[in-house]
Amino acid sequence: IGLWGLSANMVNIIVGSGIFVMPAIVAGILGPASVLAYIFCGILIMLIMLCYAELGSKITRSGGSYAYVEDAFGKYPGFLVFISLFISTICAVAAVANALFDTLVAFFPSLHNDFYKIVFFILIFLGLAIINILGVKQGVGLVKFLTLAKLFPLIILIAGGLFYLNTENLEWQTMPGFGQLGDASLILFFAYLGGETGLSVGGEIKKPERTVPRAVIISIVFLIIFYASIQTLAQAVLGDQLPKETAAPLAVAAKIIFGAFGFTFILAGTAISMFGNISGQILNNPRNLFAISRDGVLPVKAFSLLHKKYATPYVAIIVYSLLGFLFSAFGGFQTLAVLSVAGALLVYLAVSLAVIKFRKMPEMKSKGITIPGGIIVPSLSAIVCLFFLYHLKENEMISVAVFIAIATLLYIGLNRINKAGKLIQKE
């Protein structure tokens, strides 16, 4: 994999469903100055991805963030990272499921009912669970089919919107405060998540010491420009109406630009992209639960069971899909997106600190690549993660603290179960 191949891989993974609904939410906080949040988030993600690039070149065993943090700080921090990632992905898939339902309601207003919402969640999670249990080939095929829907409608929208720009809608009335920027960036960060997955192909990259840092910079710069262009277009076309179109802001902008066809086209692209995101999550994330059970980190052997006919981790798929349904049913998009970001930020903070720790370990200095600038990059990455975590609301901070406490008790309990199991085996 060369420079452009790796850059495209990262862009493909990061661009998901969030950007279809984010313009209205961010505009509601920052107005025409929303573009600042896109730049701020983009710089943070670039710093974080550079940290991943360095660690990924030094730690070659599977496990990603979990493996990096465990090697740097031990099993307990590593376990917290795994649990944080697992819950974060469930919140993410549930957030997208809520956004998908809201998009369908824009198509069919009569569906705006809690009963239909629950039925929809049952159908989507049950259906995708069955598809992925039947075989990974079916799951991968569905993801490939849906991937193009991420970029094509947005590119068409940007191109057509150039002729409908109202520059008066882009004028800043006031300079946004630092607190407003933090609040907007916290929710917007959801649209930038996932880049670390794009670096998981480390063993197949040509000259990784040069290719990886450059690919990170190219992909994130492209995303900043791409996302900022979408936000600017929506703001220029809709103006003060943008914050009110929380269900499908880009579809409403497309209706003004292309007429009724544009509304249907973008709304269909939004729905397909969101469905593709959920499909990809249910394809990949249950296998992390399967792996950690297989490796003995979780003493629940059922998660590592494979289907006798299809050879898929069917118990892990069922459990993950069930949790996705429950989280979807009890939370809305914005709340779940923030919780997903909070979990990811805890992981990114730990990974940033792991880079600093590895720089002090003699056995790691000669391995892989080292990002130039000493500890500037990981330090800035850690500081901005803390900045975002500071902007969590009080109830969200309490939720994070409760989660860490429960995860700690779970870790202690699992350790005791493992020790008891080993004693029984010896006897």
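Start with the whole chain. There are 427 residues, and 51% of them are buried. The secondary structure is 18 helices and zero strands. Now look at contacts between residues at least 6 apart in sequence. Of those, 81% join residues at least 24 apart.

Next, the charged pairs. How many salt bridges does a search of the whole structure find? One. The partners are arginine 359 and glutamate 54. Their closest N and O atoms are 2.7 Å apart. Arginine 359 is in helix H15, residues 333-359, and glutamate 54 is in helix H3, residues 35-58, so the pair ties together parts that are 305 residues apart in sequence.

What else does glutamate 54 touch? Leave out residues up to four places away in sequence. The list is then Val355, Arg359, Ile369, Thr370 and Ile371.

Two packed helices are described by the angle between their axes and the distance between the axes. The crossing of H3 past H11 is right-handed.

Which residues of H3 and H11 meet? On the H3 side, they are Val35, Tyr38, Ile39, Gly42, Ile43, Ile45, Met46, Met49, Leu50 and Ala53. On the H11 side, they are Val212, Pro213, Val216, Ile217, Ile220, Val221, Ile224, Tyr227, Ala228 and Gln231. By class, the residues of this contact are 18 nonpolar, two polar and no charged.

H11 has another neighbour to show you. Helix H8 covers residues 152-161. Its buried residues are Pro153, Leu154, Leu157, Ile158, Gly160 and Gly161. What do they pack against? H11, helix H12 (249-258) and helix H13 (260-294).

Last stop, helix H5, residues 75-107. Threonine 89 lies in H5. Its relative accessibility is 17%, so threonine 89 counts as buried. Set aside neighbours within four places in sequence. Threonine 89 is then in contact with Gln281, Asn285 and Tyr320.

Valine 96 also lies in H5. At 1% relative accessibility, valine 96 is buried. Pair valine 96 with asparagine 277. In sequence, they are 181 residues apart. In space, the C-alpha to C-alpha distance is 7.7 Å.

To recap. The chain is predicted, with 18 helices and zero strands. The search gave one salt bridge. Arginine 359 and glutamate 54 form that bridge.

Definitions and conventions: Residues numbered from 1 in each chain as written. Predicted model: local features only at pLDDT ≥ 70, side-chain atom pairs only at ≥ 80, totals over all residues. Heavy atoms only, no water. Salt bridge = Lys/Arg side-chain N within 4 Å of Asp/Glu carboxyl O. Helix = DSSP H or I, 4+ residues; strand = E, 2+ residues; numbered from the N terminus. Left-handed = near helix turned anticlockwise from the far one by under 90°. Contact = heavy atoms within 4.5 Å. Nonpolar A, V, L, I, M, F, W, Y, C, P; charged D, E, K, R; others polar. Buried < 20%, exposed > 50% of the residue type's maximum accessible area, 1.4 Å probe, protein only.
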